[in-house]
Amino acid sequence: LPAWQDSQLFIKDLHFDGVPMRIYLPREPSASKRRGVVFIHGGCGIFGSIRSYERICRYIARKSDSVVVSVGYHLAPEYRYPAQTLECLSATVHFLKTADTYGVDPARIIVCGDSVGGTFATSVCQKLGHRTDIPKIRAQVLIYPFLQALNFNLPSHQKNAAVAFLSRERTVHFILKYLNKDCSLKEPILAGSHVPESINLKYRKWINPDLIPDEFKLGYKPPLPTLFLPQVHEEVQELFEPQVSPLLAEDAVVCGLPDTCIVTCEHDVLRDDGLLYKKRLEDNNVHVTWHHVQKGFH
């Protein structure tokens, strides 16, 4: 669909390295180069579009007087994983290299995303953190991001298991759809049967209910031990890759990340992903601003 008209913005459809983009440029002349925002939409990697995030991107461009580029990555399952992350990465690199063309200061570009868009934004920043051939990303804004697929029994998963729109069960269903896997694997993954004890032990320092602040654990009950199923583990190897579970990235990667803003919502199964990543970033001396929406939903 074509872009809406806006009296304050020039809106154009472009392609960055073959990736569909929509750019929002403030009409008002600027005495200096503007800030830039790479916006990556949510939708579990299987739905959502540039068009469905039109109002949000126009709002960001107007209110922050920034040039916003919205990434129209191609959706799964027609475009197989990891095409989505790679397209977001390619589009971001292109914008960093060509920022001057759009009147943008390449030193003041942020990457922003919501839900799986936050996952892709996280992955992009992790992949670019130590590159020296392009400008550094100034900051990342992660709006209730999905960040790990090892443990679906954290306090927020229990508390919000049946919350409207994104229930605990639908979360895993959408992940399997995105990865083009058999959805019958949902139940053993919800139980944690896809994770061998060696991996649980390795990542317990980063993914653990004990790391969640006490005020977010009211009513939490540790799950009963579950039986590991090797055949399920073999089917879902992608869940253990940092592109899907950015919380599993090593400290050498995390310490190179830019300033970060994390938004979490109380009534959201993914709340604790954001809380755990906040702690990881802070432990690696990354500056974090955290906004928690007490009455917010995913």
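Does S115 count as buried or exposed, and at what relative accessibility? At 10% relative accessibility, S115 counts as buried. Buried here means under 20% relative accessible area, exposed means over 50%, and partly exposed lies in between, with a 1.4 Å probe and protein chains only.

Before I go on, a word on the source. This is a predicted model, where local features need pLDDT of at least 70, side-chain atom pairs count only at pLDDT 80 or more, and totals for chains, interfaces and linings use all residues. Residues are numbered from 1 along each chain as its sequence is written, and side-chain values use heavy atoms, with hydrogens and water left out.

Back to S115. This residue sits in the loop between β5 and α3; helices (H or I, at least four residues) and strands (E, at least two) are DSSP runs, numbered from the N terminus. At 36% relative accessibility, D65 counts as partly exposed. Most residues other than glycine have a negative phi, and most peptide bonds are trans.

On that last point, a cis peptide bond joins A76 and P77, with omega about 0°. Another cis bond joins Y81 and P82, with omega about 5°. P77 lies in the loop between β4 and α2, and P82 lies in the loop between β4 and α2 as well.

Now the sheet. Its 8 strands form an open sheet in the order β1-β2-β4-β3-β5-β6-β7-β8, with mixed pairing; two strands pair if DSSP finds at least two bridges between them. β1 and β8 stand at the edges, each with a single partner strand, so one side of each has no neighbour in the sheet.

What about strand β4, residues 66-71? 6 of its 6 residues are buried, so β4 is largely enclosed by the rest of the structure. S66, V68 and S70 point one way, and V67, V69 and V71 the other. On one pairing, β2 runs antiparallel to β4 and is joined to it by 4 bridges, with Y24 opposite V68. On another, β3 and β4 are parallel over 6 bridges, and V38 has V69 as its bridge partner. From β3 the chain crosses through helix α1 to β4, and this β-α-β crossover is right-handed, that is, with the strands pointing away from the viewer, the path from the first strand over the helix to the second runs clockwise.
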